[in-house]
Amino acid sequence: MTIDIPALLVSAMLLAGLYATMSFGLALIYGVMKIVNLAHAGAMMWGAYAAFFFIVHLGFSPFLAPLVIVPLFFFLGILMQRFIVRRVMNAPPIASLLLLFGIWLIMQNIAYLVFSGDTRAITTLYTMMTFQMFGIAISVNRLLVFCVGILALFLLQQFLGRTYMGKAIRATAQDGDASKLVGINTERVMEIAFGLGIALAGLAGSLMALIFAFDPDFGRSHLLKSFCIVVLGGLGSFVGVALGALFLAIAEALSVLWIMPAMQDFVSFALLVIVLIVMPGGMMGLLEKFKKS
Amino acid sequence: MQVQEALRSWKPWVGLLFVLFLLWVPSSGIAGGYLQTLCFLTFLYVTLSTGWNILGGYAGQTSFGHATFYGLGAYTTAILVLRGVPPLMTMPLAGLIAALYALLWGYPCLRLRGQYFAIATIGVGEATRLLMLNLDDLIKNNTWLNGFLQDGVLTGGATGLMLPTPENISSYAVGFYYGAMGLMFLALLASWWVKNSKFGLGLFAINMDIDAAETIGVNTVYYKNLALMLSAFMVGICGSVYAQYMFYIDPQTVFGFPMSIAMVLMPTIGGIGTLAGPILGAVVYIVVQDRILTANLDIGTLKLSLSSMHLLLYGGLLVLIILFEPKGIVGLQQRLARWWKRRTGGVMARKTT
Amino acid sequence: MGVLIQGDNVCKNFGGLRAINKVSFEVKEGEIFGLIGPNGAGKTTLFRCITGVYPATSGRILFNGKDITRLMPHETCVLGITNTHQVVKPFPDMTVLDNVRVGAFFGRGWVQHEVKDAAKEAMRVLEFTGLAHRASSLARNLTLPDRKRLEVARALATRPQVLLLDEVVAGLNPTETDMMIALIRQLRDNGITIVMVEHVMRAVLGVSDRVMVLSFGEKIAEGTPKEVYTNPEVIEAYLGKSYAAGGAASQQINA
């Protein structure tokens, strides 16, 4: 049985771009607000269904849909933060976890109601196309998704690096109290950050819908993968999350060589648990999991 | 003297009446045995809920992966029964295996704080489900391990396992009804005992401030793991009961995330960390689920999507509870009691002046 | 008087930061040992190394001759060292009595069979510390001075040989401070050795038998209170070089 390793790796790298897009939303929210956004899974899933709705029902072009979805989800995220999540910011972190879990449940079951549990997929002109480069067949679909993802991350990086709000976000992520002291409206920052996080999740979902089939249960395994990547890579650096995404995508791709394809997700789940236990304080002191230093 | 005083209050009498009612249900044949089934499920879920509460409510370690223990209990029983072991004998073993598995991944994971532990449990839950789904295929080529296979089947993969059904199924069901009821009371007794013991005090201390508890002499690692193992044991036994009652198990149901979700929702909605909370939560869960599911029987093809309404409801309830009354139904009841006391207390004061 | 706690060249690093650098010290039985120094000097870190909340990077800590460097906090508590926290950490949803009961159940007293009835012991400690009237209040409803006393009471219930008090009078007004100092003296008179980290000079210098001064993780002085506050290095650490030369500062500290 010959497995085309170069093709596998290329495909994995393309997927890594998507994984990075999907993880950054989670990393951003965690970094700024120190809460784990379980509704991230719901947002990704809704992003997929939104793409389905716009592309299949309304006939949008597959890469125009994100342009609508991103601002929509951004707005949704701001609403969620302002009216719901904000109230538990001062409670122990487990409260926000449970709250966001409840929101995820709601999102998931609204999807079941509206779309039913059937698996959906989006097929477009690009779905089956491949082109040859250096003798490797590359899926056009994946390449375009990769490009959109990277573009989005690039824009995000520019935003965080060059705009006032971007810097305010980074400051709040580092030290909320100090940020308040220098006049940063941290409430506003958190709203924007949460909005961005949800928007990125929605974007990732809408892109993933072009590659994978999905149903309302869609977000869960991707949530775990995102978390795995965030822990591996660390916060505050695109490099960290990108590296984590790359690492996971390649590990998953190569794992096919040794284990059954059905167990591929097992790799990321097991990795998540192992990384949580073994990584002391994350890669850049991200997660304060242990009380000892 | 305390007993005398207690007997004077109406509560124990109502409770006794209720228990007598429960004992009578199977012979009554209400709704053609449907009430009996519903009560049985309630007993099972109260036990599950109470088990989860020991770790999640008393010790404050929220686990989203308790389905692993349920599934392990169910599969232990199923696998052993298919190889000729009497079902009832498999029950303690089911609980034990669940408890040991808990120790295996619990020991490293419990070092994680609150939300990270919760995330880890989701990971473990999903990983275990996948493992059990594919276990047969994984071991069939391994010469040492494939001796466990019976006709090429250990866990049965996605198709699950089917147990032999007994001949007299209705008396079997009645037997299980009383058995589950007994189990539930045992579980409640255990929970009550823990709550009032030194062990429970330690767990509450860990829940409220783990660092302070550690410096004041509580061996937090030991206690957390003990709570996890006890919780797993109880849930594992419930899994075993499930397998013996349904005669069919599959990984999607017993190891699935929805099962874990149910175990989180019930005590949280009912009143986390209390004795009555898990009971109330389980009753609400079963009743709501039943009412919504049966309400859709005649809507034909729409039944599937509408049956998710109960989860939508729970999601909403959970959000409301976290936002407004973290102590759940029990907390609401306490608030009402206080409000009522103030009202009647005020009236009394006015009357005496 | 024997040596109860002995620290040998204790070091604690956090990544590249040297929080404690080769600090050696001795705490004698029955004394009140003060630990002072400017903010960030490493005082709380040293406490945490003693109890085991932080593992020391190098060096040894002995208690009654036994090496406790690698022990966990609950183990050092059972051996006889209990600490209070700078920012008080009561169990908020438990009653005051239950808070102290935890100490009575899990501390050295219980393990050594000195305490047989935890509730009774808790009540006894509450009476001793003047909190008996609040026994059934929830800890979250207490005022700060009462919370501080609860913190001490809970630690007391473990029947420690050594009590490590971390800024126990911080946030108290002068009257409350005096009451706390009186309590500390009473504790010493009852045979408990006290080590106290403090910033309120009046409190620590007035009651300590001996004092150790840390600055930037290193011991810069040790001796009686008077020796320490007239020590120019100590003055410099707190107030800067320009004060060290003059005598004005020492009068301030003496207040």
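1. The expected span of a helix is taken as 1.5 Å times one less than its number of residues. The model is predicted, and in it helix H5 of chain B, residues 87-109, has 23 residues and should therefore span 33 Å, which agrees with the 32 Å between its end C-alpha atoms.

2. Between chains A and B, 40 residues of chain A are in contact with 37 residues of chain B. On the chain A side, helix H4 (93-115), helix H9 (219-233) and helix H11 (264-278) each supply at least two residues, and the largest share, 14 residues, comes from H4(A). By residue class, this side of chain A divides into 30 nonpolar, five polar and five charged residues.

3. Chain C has a secondary structure of 12 helices and 10 strands, and its C-alpha trace spans about 55 × 40 × 35 Å along the principal axes. Its radius of gyration is 18 Å, which agrees with the value near 18 Å for a compact globule of 255 residues.

4. In the interior of chain C, buried residues make up 51% of the 255 residues. Of the contacts in chain C with a separation of 6 or more, 65% are accounted for by residues 24 or more positions apart.

Terms used
Residues are numbered from 1 along each chain as its sequence is written. Chains are lettered from A and ligands numbered from 1 in the order in which they are written. This is a predicted model: local features need pLDDT of at least 70, side-chain atom pairs count only at pLDDT 80 or more; totals for chains, interfaces and linings use all residues. Two residues are in contact if their C-beta atoms, placed from the backbone, lie within 7 Å. Helices (H or I, at least four residues) and strands (E, at least two) are DSSP runs, numbered from the N terminus. Ala, Val, Leu, Ile, Met, Phe, Trp, Tyr, Cys and Pro count as nonpolar, Asp, Glu, Lys and Arg as charged, and the others, Gly among them, as polar. The radius of gyration is taken over C-alpha atoms; the globule rule is 2.2 Å times the number of residues to the power 0.38. A residue is buried if 20 or more other C-beta atoms lie within 10 Å of its own, exposed if 12 or fewer, and partly exposed in between; C-beta atoms are placed from the backbone.
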